[in-house]
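Take a walk through this chain with the sequence and model side by side.

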Amino acid sequence: MLYDDLFGPWGPLVIIVIGAGLILIALLLFACFLTPGCIGYECFRKRSKEVKNVPVRAKNQEKENLKLSDVSYRSWRLGSLYENDNGTISENAGSPRESFNSATVQCENVECSSTLNLIPTEKQKSDKKTREFPTELTMSLQYLPPCDNIITGKLVIGIEALCGLPPKQYNCTLEPYVALNIVKQSWSHRKRQKLHSFRTRGIRHTASPIYKETFVIANVRPQEAKEWILDIAAYDHDRYANHTELCTLRVPLKDAMKVFCSPEVHMFNYQMKSSSQEFGNILLAISYLPTAQRLTVNIMKLRDVRFTPAVSSLDKFNPYVRVLMLNGRTGKKMKKKKTRFLHAVAQPEFNETLTFDLAVTQLDTVQFLVVLCSKVLPEGSVASIGTDHASDSEDSVSSFRKSADVSIGKVVLGKGVRGPTERLHWFSVLQNPRKLVTVWHILK
């Protein structure tokens with residue numbers, strides 16, 4: 001036979017040894033791919049992970065593309081962020097006639113092929129996936145006990161510093177200050193009685209101000225102070241609208257009774273909660289005409305307006321809406337316009353159109369501040385709609401004199417604003433020229 005010629009008398013044995021070696025090598029390779037720690041097992045596992053991670057990465061990439069901060073103008077053109085009444089996404093939400101009739105608005109000078117209805121207010125309230133800014137407050141408490149029945153007990157409250165304040169709604173620097181109210185809980189009437197009120201100075205151009213201010217309360221008894229609550233809120237001073245509440249904190253003094261045991265200064269660090277203060281909802285419809293380089297802002301109507309405590313009663317509530325065009329880089333006011341005011345209307349409907357001349361080169365830098373105000377009328381005067389001063393109706397900023405009217409709430413639209421719904425509305429207007437984009441906004 002052939003193996004006898006090759007290997008001689010040892011041929012069968014050599015063939016058996018070679019076959020057994022091949023089988024042993026195959027078994028070793030098979031065991032290497034199944035045993036953790038071997039080279040084959042690790043290489044095979046790594047390759048399978050890469051294959052399985054491809055669809056996951058694709059899905060994650062699709063979700064990341066829905067973030068407003070990462071979306072380019074081209075992705076907005078695809079209509080991937082418009083949704084209809086059912087919550088599904090579509091570019092054409094309805095015909096212009098139906099939307100105009102439902103909102104009772106007539107826009108004759110605006111060329112609209114369709115309207116876009118974006119995120120409703122109910123979905124905004126249920127969405128809790130908002131970015132949180134961990135704001136920390138450093139506060140000091142000290143109790144000076146009475147002495148010789150002449151010097152009464154004193155409580156010294158020190159507002160030391162704030163750290164990590166949330167940014168402003170639009171591109172402008174912060175000017176934060178702290179308001180401190182000492183309230184007493186009345187269990188019989190279930191009401192809070194304000195005992196003392198203090199306020200620190202405002203510090204400009206910082207999100208971590210250092211105050212080091214102290215407030216002294218005389219005639220303090222430890223037994224009475226157990227029922228006190230320190231109601232602390234950080235505000236941002238706004239020169240054009242109402243002051244914005246940034247974050248809040250409530251500190252019951254019964255949780256800090258060790259302060260009354262010794263006259264030493266006790267330091268505390270608290271993490272404040274983000275503010276949830278809202279003043280109602282406003283319906284805005286905006287369109288941009290690139291050929292005429294004109295932006296139209298339709299002030300439609302408001303609902304659930306919380307005008308108290310800014311206005312004492314409904315009879316003194318004379319609402320109107322002021323729109324300011326600001327430079328998004330410097331925060332300087334460029335133009336202003338406002339609607340007529342109504343008298344004693346809880347759910348006002350304006351249905352007015354304000355137009356602004358806006359070049360294409362200004363779309364990336366300009367921001368619009370929409371402020372709900374209440375006009376202050378002299379006592380004994382009869383409220384007549386549309387009797388405003390000429391300086392308030394002109395477009396010139398130089399003729400603007402500071403008004404004594406009360407600002408209730410505001411919303412800002414533009415490319416660099418902080419609110420996701422506001423940015424969504426603005427980008428939708430830019431990517432759908434000559435279309436009227438209608439959105440409900442929350443006044444803050």
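This is a predicted model: local features need pLDDT of at least 70, side-chain atom pairs count only at pLDDT 80 or more; totals for chains, interfaces and linings use all residues.

Residues are numbered from 1 along each chain as its sequence is written, and side-chain values use heavy atoms, leaving out hydrogens and water.

Start with the chain. It has nine helices and 18 strands (DSSP runs numbered from the N terminus: helices H or I, at least four residues; strands E, at least two). Of its 444 residues, 40% count as buried, meaning under 20% relative accessible area with a 1.4 Å probe and protein chains only.

Now turn to the second largest pocket. Its space is about 810 Å³. On a 1 Å grid over the protein atoms alone, a pocket is an open set of points where a 1.4 Å probe fits, with protein on both sides within 12 Å along at least five of seven lines; lining residues have an atom within 4 Å of a point. The volume is the space filled by probe spheres set on those points, joined across faces, edges and corners. β5 gives the most to the lining, with five residues. The pocket lies between domain 1 (136-274) and domain 2 (280-378 + 403-443), because both give residues to its lining. The domain bounds come from an automatic or database assignment.

Finish with the cysteines. Cys247 is buried at 1% relative accessibility. Cys373 is buried at 4%. The disulfide count is zero, a disulfide being a pair of cysteine sulfur atoms within 2.5 Å.

Key:
Buried means under 20% relative accessible area, exposed over 50%, partly exposed in between (1.4 Å probe, protein chains only).
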